[in-house]
Amino acid sequence: MRINTGWIFFGSWLLLVLLLTRFMTRHLYLISGQFAFFNAVGCFALSIFVIGWQRLSIVPASLIREGLHQTTLPFSVINQVLSIWLVVGGGLIAVSNFRSRSTE
């Protein structure tokens with residue numbers, strides 16, 4: 001039986017976003033810059049441990065490519081979009097944390 005792992009990836013991502021949005025509105029004080037930093041480092045280390053350094057640049061791009069049904073897109077384009085997404089997202093988190101601390 002074959003299953004599209006991209007759909008599982010996007011479904012779990014959407015579920016996580018919805019749960020975190022609900023959680024963050026009630027317990028915003030638990031989400032701090034240190035927590036986000038250690039979470040990102042832990043996820044990166046776990047990714048290297050589970051799939052290895054060589055495959056780390058291919059597996060996320062292939063999951064996204066399968067989920068979008070765009071098998072003609074090269075991995076490099078998807079990796080560039082992911083990199084921009086991570087940098088912009090990290091910047092928005094940093095600005096949000098800076099603003100919340102300056103208003104206290």
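**Group meeting: aromatic rings and a nonpolar patch**

Hi everyone, let's start with residues 73-95, where the chain is 91% helix and 0% strand, with the end C-alpha atoms 32 Å apart. Helices here are DSSP runs of H or I with at least four residues, strands are E runs of at least two, and both are numbered from the N terminus. The unreviewed UniProt entry places "transmembrane region" at residues 6-23, 35-53 and 73-95; such annotations may be inferred rather than shown by experiment.

A word on the model: it is predicted, with local features needing pLDDT of at least 70 and side-chain atom pairs pLDDT 80 or more, while totals for chains, interfaces and linings use all residues. Residues are numbered from 1 along each chain, and side-chain values use heavy atoms, leaving out hydrogens and water.

Now the patch. Trp 13, Leu 14, Val 17, Leu 18, Trp 85 and Leu 86 make a nonpolar surface patch of about 670 Å². Two or more residues come from each of α1 (5-26) and α4 (75-102), and α1 gives the most, with four. Patch residues have over 30% relative accessible area and no salt bridge, and nonpolar side chains are joined within 5 Å. A salt bridge would be a Lys or Arg side-chain nitrogen within 4 Å of an Asp or Glu carboxyl oxygen. Areas are Shrake-Rupley values with a 1.4 Å probe.

Trp 85, in helix α4, counts as exposed at 59% relative accessibility; exposed means over 50%, buried under 20%, and partly exposed in between.

Finally, how many aromatic pairs does a search of the whole structure find? One. The ring centres of Phe 44 and Trp 53 are 6.0 Å apart and the planes stand at 90°, so this pair is edge-to-face (centres within 6.5 Å, planes over 60 degrees apart). Phe 44 is partly exposed at 42%, and Trp 53 is exposed at 56%. Thanks, everyone!

Notes:
Rings of Phe, Tyr and Trp (its six-membered ring) pair if their centres lie within 6.5 Å; planes under 30 degrees apart count as stacked, over 60 as edge-to-face and the rest as tilted. Buried means under 20% relative accessible area, exposed over 50%, partly exposed in between (1.4 Å probe, protein chains only). Patches are made of residues with over 30% relative accessible area and no salt bridge: like charges are joined within 9 Å, nonpolar side chains (Val, Leu, Ile, Met, Phe, Trp, Tyr) within 5 Å.
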